[in-house]
Amino acid sequence: MSAKSVETVYDRDRLRRARIAVAAVFCVHGAVTGSFATRIPWIQDHAGVSAGQLGLALAFPAIGASVAMPLAGTVSHRFGARTALRGLLALWTLALTLPALAPNLITLCLVLFVFGATAGMSDVAMNALGVEVENRLDKSIMSGLHGMWSTGALIGSAAGTLAAHVGADARLHHVIAAGVLTLLGLIACQGVLDLRSAPDEDPPPRFALPPKSALLIGAIGFCAVFAEGASMDWSAVYLRDVLDTSPGLAAASTTAFALTMAVARLAGDKVIDRFGAVRTVRTGGVLAAAGGLLVVVAPHPALAMGGFGLLGLGVAVVVPLAFAAAGRSGPNPSQAIAGVATITYTSGLIAPSAIGAVADATSLVVSFGLVTALACGLMAGAGVLRTGDRRGSEAGAATVAPEA
């Protein structure tokens, strides 16, 4: 075997290890979200807030993420991708301990702002590394990585369901979970690519206005993220308040949603390659709308949980496809992707508080009628993702300098 062949094999082995490592990072990141989401009813009771106040508080993670995400590029530029990810991921896992400590609405909003800021910065860092591995492997892996995130959310929500079922104090539960996830995250970060910017490279821009080409694509992402955020944050509260279920069963609805999201994302690349982006999203819209309708009319918790599962299945791959389409929608792919990201994060900002506001004015049932209507938008707008024969990945969503 020639020296060049040996080097090629070494590079592929190193990239495979880096792929496994970044997948583990995605899993840890998702586990924090799942651990938090299943204990939202406990946190609501502990802080003594109404549904509308909870909706307001749940807007603050997205606000924190939107404010802090631009800093992730600066941190990676200064310290290198591996060191930046290690620190930012540790901040995110440790931030899990904060929400359950909040005794009132004001402190809950403040800690959720910090919670979202650490989530957003670590999210940017890990996605940038995932895109770099995808580009070097020259095959789609981003849907699978997001599937690992959903798998982590499933694991975290399953543990949270068990904790809620036995009546465990969420403060103790989250301290233990944060310690375990911080350790696992630090171990996983050891294997990611150690990317560093060139000494004379300028820091990345902090903000990019969405170009016109990205607006329709971003609207599709908006519908999907709204349904995802509403289901993830409100499913447990919905089952408890509307269908009068136990805390353990209510928390299990979040697990059902995370399970279908994980399965769909892990299988996403193969499905998209076979059926195409437009048909995949259109079918997903049908499933999501059917799921939302089932939640609205369900007289029994099992049917509502099935509805949340269909919602997760329907919206799972939409955001990766939106980023991929944005990257091919105009002469400046980076700006288009940044624009779509801005729109989708705005949806994440609006969804929790909008659900709470509508619930306060009417009911949670009406709130999920709104989710169902937006899911129908996926069917109507799927055609904007018709961007040629290209895998539904997030390739190009971030630019990272070559490894030092």
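Guide: Helix α4 (residues 60–79) and helix α5 (residues 81–95) pack at an angle of about 130°, with their axes 7 Å apart. Axes are lines fitted to C-alpha atoms, for helices over the stretch in contact, and angles run from 0 to 180 degrees between N-to-C directions. Bear in mind that this is a predicted model: local features need pLDDT of at least 70, side-chain atom pairs count only at pLDDT 80 or more, and totals for chains, interfaces and linings use all residues. Residues are numbered from 1 along each chain as its sequence is written, and side-chain values use heavy atoms, without hydrogens and water.

Visitor: What do you call the way α4 and α5 lie to each other?

Guide: They are oblique to each other. Angles under 35 degrees count as roughly parallel, over 145 as roughly antiparallel, 65 to 115 as roughly perpendicular, and the rest as oblique.

Visitor: Which residues make the contact of α4 and α5?

Guide: From α4, A72, V75, S76 and F79; from α5, A81, T83, A84 and L88. Contact means heavy atoms within 4.5 Å. By class, six are nonpolar, two polar and none charged. Ala, Val, Leu, Ile, Met, Phe, Trp, Tyr, Cys and Pro count as nonpolar, Asp, Glu, Lys and Arg as charged, and the others, Gly among them, as polar.

Visitor: Next pair. At what angle do α6 and α7 cross?

Guide: Roughly 145°, and the axes of α6 (residues 105–137) and α7 (residues 142–165) come within 10 Å. In α6, M126, N127, G130, V131 and E134 meet M142, L145, H146 and W149 of α7. That contact has five nonpolar, three polar and one charged.

Visitor: New topic. Which residues of α11 are buried?

Guide: G268, D269 and I272, in a helix covering residues 268–275. Buried means under 20% relative accessible area, exposed over 50%, partly exposed in between (1.4 Å probe, protein chains only). Seen down the axis of α11, the buried residues fall within an arc of 95°, so they line one face of the helix. The arc is that of the directions from the helix axis to the C-beta atoms.

Visitor: And which ones are exposed on the other side of α11?

Guide: K270 and R274. After α11 comes G276, with a positive phi near 90°.

Visitor: Last one: is H173 buried or exposed?

Guide: H173 is buried, at a relative accessible area of 11%. H173 sits in helix α8 (residues 170–189).

Visitor: What is H173 in contact with, leaving aside neighbours within four places in sequence?

Guide: S35, R39, A159, G160 and A163.

Conventions. Helices (H or I, at least four residues) and strands (E, at least two) are DSSP runs, numbered from the N terminus.
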